[in-house]
Amino acid sequence: MTDSLKALIEACRNGEANYQDLVDRVPYARFLGIELLVQGEELTFILPRNENNIGNPTLPALHGGAVAGFMEQAAIIFILLEMGEPKVPKTIDFTIDYLRAGLFRDTFAECRITRLGRRIANVHISAWQKRREEPITIARAHFLLSEENN
Amino acid sequence: MDVCNRSLETVRHSRNLGMEVLSAEEDGVRVRLPWREDLVGNPDTGVLHGGAIFAMMDQAGGMANSCRLYPNFEITPTIDFRVDHLHAPTPGKAVICYASCYRLTPNVTFVRLTTWEEGEEEGEPVATGLATYTRMKLDKNGRVVS
């Protein structure tokens, strides 16, 4: 399966496959309805406004868990594309700060790898709705890339 | 318990995830998340997505606040939440989260959470969490007063 993942990533890079296919092979990403905007080699992740992700029905506001899951999945795909030998990274820890209410509208996320080691990656994820400069949440996560004991 | 189940009913995303309250007391709340094919994070292994586990734990934390505040009712938005994934849960198995509000201040609540595989609640947890929430008091009409 790892080979097919590598082949899919190659195909995405060559324009023979859609980056969205990388998202759609993950059942939970489809459950949330995650989409991807690719501009050159820049990726912006999109969580389109969807009633299924509502947490507070009176405001209405998105479920904090849906936003967190969206950001975690964004980071996983972002790292996958940075890895020489792509293998789905395992989340070690995920820490999120909620800065503003997630309104019932489209949410965007971008990732920045702070450190990509052989075994562990540290990623910063930022999500916004109105303007990139006004994030609704920021998160920091560590992922295990390889289980080799060397 | 009833209040928790009723409030969970209104949270569409949690309902969609198939969450269920197993017990609710002043000390803490137990919540169950089923294993489902559409919640899988790694299609090669069938392991539940960390995000689904996170969503359950965040929800459980919110309900731990409600239990501690009962019979009063406040909404408690999450300030920050950290989850550590200690090991991957077995594909096909539900997970259970126990959440407890261990400190309540006039403005902030502090919550600790532990998640196990169903049936392994005496054993090694699959995930632990630590969170803070802010307290927003409501008036008789359910509007935020502070």
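1. A word on terms before we start: a residue is called buried when its relative accessible area is under 20%. By that cut-off, Phe54(B) and Phe81(B) are both buried. Please keep in mind throughout that this is a predicted model.

2. A search over all chains turns up five aromatic pairs in the whole structure. In the pair formed by Phe54(B) and Phe81(B), the ring centres are 4.8 Å apart and the planes meet at 55°, so the pair counts as tilted.

3. On to the fold of chain B, where I count three helices and 10 strands. Read from the N terminus, the order of its elements is α-α-β-β-β-β-α-β-β-β-β-β-β. Chain A has four helices and eight strands, and its elements run α-α-α-β-β-β-β-α-β-β-β-β from the N terminus.

4. How do the overall dimensions look? For the 146 residues of chain B, a compact globule would have a radius of gyration near 15 Å, and the chain agrees because its value is 15 Å. The C-alpha trace of chain B spans about 50 × 25 × 25 Å along its principal axes. Chain A, with 150 residues, also has 15 Å, in agreement with the value near 15 Å for a compact globule; its C-alpha trace spans about 50 × 35 × 25 Å.

5. Burial and contacts come next. In chain B, 48% of the 146 residues count as buried, and in chain A 55% of the 150 residues do. Of the contacts in chain B with a separation of 6 or more, 58% are between residues 24 or more positions apart. For chain A, 57% of the contacts between residues at least 6 apart join residues at least 24 apart.

6. Finally, surface and charge. Chain B has an accessible surface of about 6,800 Å², with 49% belonging to carbon and sulfur atoms. Chain A exposes about 7,200 Å², and carbon and sulfur atoms supply 46% of that. The 15 positive and 20 negative charges of chain B have mean positions 10 Å apart, while for the 17 positive and 20 negative charges of chain A the mean positions are 5 Å apart.

Terms used: Residues are numbered from 1 along each chain as its sequence is written. Chains are lettered from A and ligands numbered from 1 in the order in which they are written. This is a predicted model: local features need pLDDT of at least 70, side-chain atom pairs count only at pLDDT 80 or more; totals for chains, interfaces and linings use all residues. Side-chain values use heavy atoms; hydrogens and water are left out. Helices (H or I, at least four residues) and strands (E, at least two) are DSSP runs, numbered from the N terminus. The radius of gyration is taken over C-alpha atoms; the globule rule is 2.2 Å times the number of residues to the power 0.38. Buried means under 20% relative accessible area, exposed over 50%, partly exposed in between (1.4 Å probe, protein chains only). Contact means heavy atoms within 4.5 Å. Accessible areas come from the Shrake-Rupley method with a 1.4 Å probe; for residues, only the protein chains shown count as cover. Lys and Arg count as positive and Asp and Glu as negative; His and the chain ends are not counted. The place of a charge is taken as NZ of Lys, CZ of Arg, CG of Asp or CD of Glu. Rings of Phe, Tyr and Trp (its six-membered ring) pair if their centres lie within 6.5 Å; planes under 30 degrees apart count as stacked, over 60 as edge-to-face and the rest as tilted.
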